[in-house]
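Subject: Structure for your files, with notes

Hello,

Please find the structure below. My notes follow it.

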Amino acid sequence: MNHAWRALRHRNFKLFFFGQSISVIGTWMTRLATFWLVYRLTHSALLLGIVSFAGQIVSFALGPFAGVWVERLNRRKLLVWTQAAAAIQSLALAVLTLAHVITLWEIIGLTALQGLINAFDMPGRQSFLIRMVEDRSDLGNAIAINSSMANVARLAGPAIGGLVIGAFGEGWCFLIDGISYFAVIASLLLMRITPFPIRLSAAGMLEQMREGWDYVGAFRPIRIILLHFALISLMGYSYGVLLPVFAAQVLHRGAYTLGWLTAASGIGALVSGFSLALRKSASGLLGMIPIASAMLGFGLILFGLSRTLWLSLALMAFIGFGLVQAAAASNTVIQSLVTEDKRGRVMSYYTMAFFGAAPFGSLLAGAMAQRIGAPHTVLVTGAFCVAGSLWFTLELPKVRAATQPVSQPSVLKPAVLKPSAERKNQIELV
């Protein structure tokens, strides 16, 4: 078990871990409270999808620009500003909700503002992770621990949020979230970061964006993983916006049940994160990606068929495991393969794969649920996840071949070839 926590021996990562742990609990409380508030005000599955779409489409649209800017800025300062802005957004939601004056349009506007913040925060955080872990061999473990932490919060946040909503209302969830961001800001300010030279390119922003696009398009492993992750985001993540409908109409319960459904998926996600942290290396992660997406797909199909609370809770745990396993494995492989000078741009495409596909998935799920019902909708989305798993499995031999530049250098462009230490890391991924 000792090696499962080895990334925490790095002081900066340890600070980030504890600060982020507090903040992400608040984030999940806000996510739950937002969906429940929208459903309480509108009783519309379509509007649940629209609110989710409004927040994520902004991150998708700004993704390529944000990736270039992240590489030009001091990433710690960038994260301090994004966390401060996110705190203001949550506190604004709290004030309007507690004053009982909030409207659907204000929710959509503030959700879109959070999407703007996330466009810079997510690629900044992902590319800053390697700066917090001095030993690159611990990077995969840091990603796994970070995933475990996020999923402990995913378990605790909705459970706490459901209780807070039931007892006091949604506004208190927003208030707690707004205050929790100060823990992350404090952890960032306390870090001791070795100055990292920011290379200002003579190329313009559009040219740098094109370089990033060409890099992703030419390197088969990253291209295939991002396309598969986009499909999982489009179909696999959309079930979340329909959980209020399942809690109220399918299972005939209330906000407490919504909290337990979300927390059940957090249990599965937590187990997934721990299983990744227990790995001594990244060996086998490529093969885990299609297995995880198949688990997600079959879990969604069975969840759509369930009408019993205990079975639905068990299936949500299964869904959470598959979802996080696919996302974290994809993240680890990409981070291990990408060259440092393009890390910000590549991670912005990872962000786009989520924030680009997920909002359309939420909108599609909301519209489908309005026409054919929430249970039939998750049956369809689950089937697409299973199909994506089959496609990735067929592509896997080519992806594995392209991660071994020593044996097949012609597969990669010259700019993609790694120093010998990184070649060893690439081969280990197979």
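Buried means under 20% relative accessible area, exposed means over 50%, and partly exposed is anything in between, with a 1.4 Å probe and protein chains only. By that definition Ser306 is buried, because its relative accessible area is 3%.

Some conventions before the rest. This is a predicted model, in which local features need pLDDT of at least 70 and side-chain atom pairs count only at pLDDT 80 or more, while totals for chains, interfaces and linings use all residues. Residues are numbered from 1 along each chain as its sequence is written, and side-chain values use heavy atoms, with hydrogens and water left out.

Overall

The protein chain has 15 helices and 0 strands. Helices (H or I, at least four residues) and strands (E, at least two) are DSSP runs, numbered from the N terminus. Of the 430 residues in the protein chain, 58% are buried. Among contacts in the protein chain with a separation of 6 or more, 86% are between residues 24 or more positions apart; contact means heavy atoms within 4.5 Å.

Two helix pairs

Helix α3 (residues 75-98) and helix α4 (residues 104-132) have axes that come within 9 Å and cross at roughly 160°. Axes here are lines fitted to C-alpha atoms, for helices over the stretch in contact, and angles run from 0 to 180 degrees between N-to-C directions. The two helices, α3 and α4, are therefore roughly antiparallel to each other. For the angle classes, under 35 degrees counts as roughly parallel, over 145 as roughly antiparallel, 65 to 115 as roughly perpendicular, and the rest as oblique. The crossing of α3 past α4 is left-handed, meaning that the near helix is turned anticlockwise from the far one by less than a right angle; clockwise would be right-handed.

On the α3 side, the residues making the contact include Leu78, Leu79, Ala85, Ala86 and Leu93, and on the α4 side they include Leu110, Leu113, Ile117, Phe120 and Phe128. Arg75 and Arg76 of α3 also take part, as do Glu106, Asp121 and Arg125 of α4. By class, the contact of α3 with α4 has 12 nonpolar, 7 polar and 5 charged residues. In this count Ala, Val, Leu, Ile, Met, Phe, Trp, Tyr, Cys and Pro are nonpolar, Asp, Glu, Lys and Arg are charged, and the others, Gly among them, are polar.

For helix α9 (residues 239-250) and helix α14 (residues 374-402), the axes come within 10 Å and cross at roughly 145°. Here too α9 passes α14 in a left-handed crossing. Tyr239, Leu242, Val245, Phe246 and Val250 of α9 make the contact with Ala374, Pro375, Thr377 and Val378 of α14. The contact of α9 with α14 consists of 8 nonpolar residues, 1 polar and no charged.

Loops

Ser306 sits in the loop between α11 (285-305) and α12 (309-337). Not counting residues up to four places away in sequence, Ser306 touches Val250, Leu311, Ser312 and Leu315. Val250 is also one of the α9 residues in the contact with α14.

Two histidines have positive phi values. His43, in the loop between α1 (11-42) and α2 (45-72), has a positive phi of about 55° although it is not a glycine. His43 counts as exposed because its relative accessibility is 56%. His100 lies in the loop between α3 and α4, and its phi is near 60°. His100 counts as exposed, at 75% relative accessibility.

Ser272 belongs to helix α10 (residues 255-277). With a relative accessible area of 0%, Ser272 is buried. Its side chain makes a polar contact with the side chain of Gln325 at 2.4 Å. A polar contact is a pair of N or O atoms within 3.5 Å; within protein, one must be able to donate a hydrogen and the other to accept it, and residues adjacent in sequence count only if both atoms are side-chain atoms. Leaving out residues up to four places away in sequence, Ser272 touches Phe321, Val324 and Gln325.

Leu363 is in helix α13 (residues 343-372) and counts as partly exposed, at 27% relative accessibility. Beyond its neighbours within four places in sequence, Leu363 is in contact with Gly49, Ile50 and Phe53.

Regards
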